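Subject: Structure handover

Dear colleague,

Here is the structure for your records. My notes on the sheet and the nonpolar cores follow below.

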Amino acid sequence: MPAEADLHGKFAIVGIGCRLPPGATSLAAFWRFLLRGGNALKSIRAKRDRWDWRQYFDENPARPGKTYAPKAAFLDADVRQFDPLAFGMSPREAASLDPQQRLLLEAAWEAFEDAGVPLERAAGAPIGVFVGGFCLDHLLLQARPSNRHLINAHSAGGVMMTVLSNRVSHAFDLRGPSLTLDTACSSSLVALHYACQSLRARECDAAFAGGVNVMTRPEFPIIMSKGHFLSHHGECHAYDESAAGYARGEGAGMLLLKRLEDAVAAGDYIHAVVRG
């Protein structure tokens, strides 16, 4: 048993749920993908169920209304597939739901399962939810002039950035802090930081920290291309002489954290420890 001083101020990851490209639906599957040197980036020409690349792509970065990014990391699964009844939601409400919210709900459920926490035990518990988000493609889709007649009572809760975290808290009846953070590329890391801070301040007994992104519209790639954020060769080569920007990806990940001393006392399986 570690000394009490060795436990204080550290945080245990006791549960993990994820949906990561191209088809990793568990931590074990993602680890196998990494071990074999997998690369989830693929040509946008190959992903025909999101937008028409011929209409919005051009290698010339100066072309108005075009993106020059040739690749992205997409999920293989259909992001529109969802079982709303499992989360106490009607099909009518689910029709307006951002796919990002759907992925977070599934990842959070699986993180509870991975941690061995029954959902009925989590309900009403002081568990926080801290989610990093950046883009709102579903909001752009719902707000298009041709779709405005479809806006209904459920639309607001389906498209707002704040509901990325609040949806998880509501669906599982979690009573800790619940907030969404947007700090661009660092959003999920900042979410982890605030989850640890909340645990340190004893605002909650456990906390979710995660992030999500789903790419269904061409507007954000166009905007980021005009700002020259994206790599012209479509890949991330950080700290390399060939670095030219970043490549976009999608997916969701949720970590369930506890104070290390609490996790050790409860006999939880600990994936890793956050030390600072």
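How many bridges join strand 4 to strand 5? Strand 4 (residues 127-132) and strand 5 run parallel, and four bridges join them. Strands are DSSP runs of E with at least two residues, helices runs of H or I with at least four, both numbered from the N terminus; two strands pair if DSSP finds at least two bridges between them.

This is a predicted model, in which local features need pLDDT of at least 70 and side-chain atom pairs count only at pLDDT 80 or more, while totals for chains, interfaces and linings use all residues. Residues are numbered from 1 along each chain as its sequence is written, and side-chain values use heavy atoms, with hydrogens and water left out.

The sheet is open, with six strands in the order 5-4-6-7-1-8 and mixed pairing. Its edge strands, strand 5 (178-181) and strand 8 (272-274), each pair on one side only.

Helix 9 (residues 163-172) lies across strands 4, 5, 6 and 7, at about 155° to strand 5. Angles run from 0 to 180 degrees between N-to-C directions, with axes fitted to C-alpha atoms, for helices over the stretch in contact; contact means heavy atoms within 4.5 Å.

The largest nonpolar core has 39 residues. Such a core is a set of buried (under 20% relative accessible area, 1.4 Å probe, protein chains only) Ala, Val, Leu, Ile, Met, Phe, Trp, Tyr and Cys residues joined through side-chain atoms within 4.5 Å. Helix 5 gives the most to this core, with eight residues.

Regards

Terms used. Buried means under 20% relative accessible area, exposed over 50%, partly exposed in between (1.4 Å probe, protein chains only).
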